[in-house]
Amino acid sequence: MTGSFVGGYFISSKIFETKNSEIYESMHPEKKFKLVAKFIKYNPYEIEHCQNELNINKEIDCCYIMPIIDDIQDDTNKY
């Protein structure tokens, strides 16, 4: 994943990994700003869990939690 583009974002380095996700430093090349990209590990047996996590993160309005600004999906992954 490191060194590749996902949905227009350049993925530069892994920051952290959990059981259900991977966190990367990323950058939008045109807008020239750094972001954190969270990749939720797809588990077909926990689709509802993944969707709930996305929905909660989209709705959260807290100064200590970064909001989701893009929700990207391809044939096998949701970003």
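**View 1. The salt bridge between K34 and E25 in the predicted model.** The side chains of K34 and E25 meet in a salt bridge, at 3.6 Å from N to O. A salt bridge is counted where a side-chain nitrogen of Lys or Arg lies within 4 Å of a carboxyl oxygen of Asp or Glu. K34 is exposed, with a relative accessible area of 60%, whereas E25 is partly exposed at 28%. For these classes, buried means under 20% relative accessible area, exposed over 50%, and partly exposed in between (1.4 Å probe, protein chains only). Across the strand pairing, E25 of β3 stands opposite S13. The structure holds three salt bridges. This is a predicted model, in which local features need pLDDT of at least 70 and side-chain atom pairs count only at pLDDT 80 or more, while totals for chains, interfaces and linings use all residues. Residues are numbered from 1 along each chain as its sequence is written, and side-chain values use heavy atoms, with hydrogens and water left out.

**View 2. The salt-bridge network of K14, E17 and E22.** Salt bridges link K14, E17 and E22 in a network. Between E17 and K14, the closest N and O atoms are 2.8 Å apart. Between K14 and E22, the corresponding separation is 3.9 Å. K14 is partly exposed, with a relative accessible area of 41%, and E17 is likewise partly exposed, at 39%. E22, by contrast, is buried, with a relative accessible area of 17%.

**View 3. The open four-stranded sheet.** Four strands form an open sheet in the order β1-β2-β3-β4, with antiparallel pairing. The edge strands are β1 (5-6) and β4, each of which pairs on one side only. Strands (E, at least two residues) are DSSP runs, numbered from the N terminus, and two strands pair if DSSP finds at least two bridges between them. In general, strands of a sheet pair through backbone hydrogen bonds, either parallel or antiparallel.

**View 4. The hairpin of β2 and β3.** Strand β2 (residues 9-17) pairs with β3 in the antiparallel sense over six bridges. The two strands β2 and β3 form a hairpin, with three residues between them. Within this pairing, F16 has I23 of β3 as its bridge partner. Strand β3 (residues 21-28) is mostly covered, six of its eight residues being buried.

**View 5. The hairpin of β3 and β4.** Strand β4 (residues 33-40) pairs with β3 in the antiparallel sense over eight bridges. Here Y24 stands opposite A37 in β4. Four residues lie between β3 and β4 in this hairpin, and K32 in the turn has a positive phi of about 60°.

**View 6. The nonpolar surface patch of F5, F10 and M27.** F5, F10 and M27 make a nonpolar surface patch of about 270 Å². M27 is placed in strand β3 and counts as partly exposed, at 30% relative accessibility. Patches are made of residues with over 30% relative accessible area and no salt bridge; like charges are joined within 9 Å, and nonpolar side chains (Val, Leu, Ile, Met, Phe, Trp, Tyr) within 5 Å. Accessible areas come from the Shrake-Rupley method with a 1.4 Å probe, and for residues only the protein chains shown count as cover.
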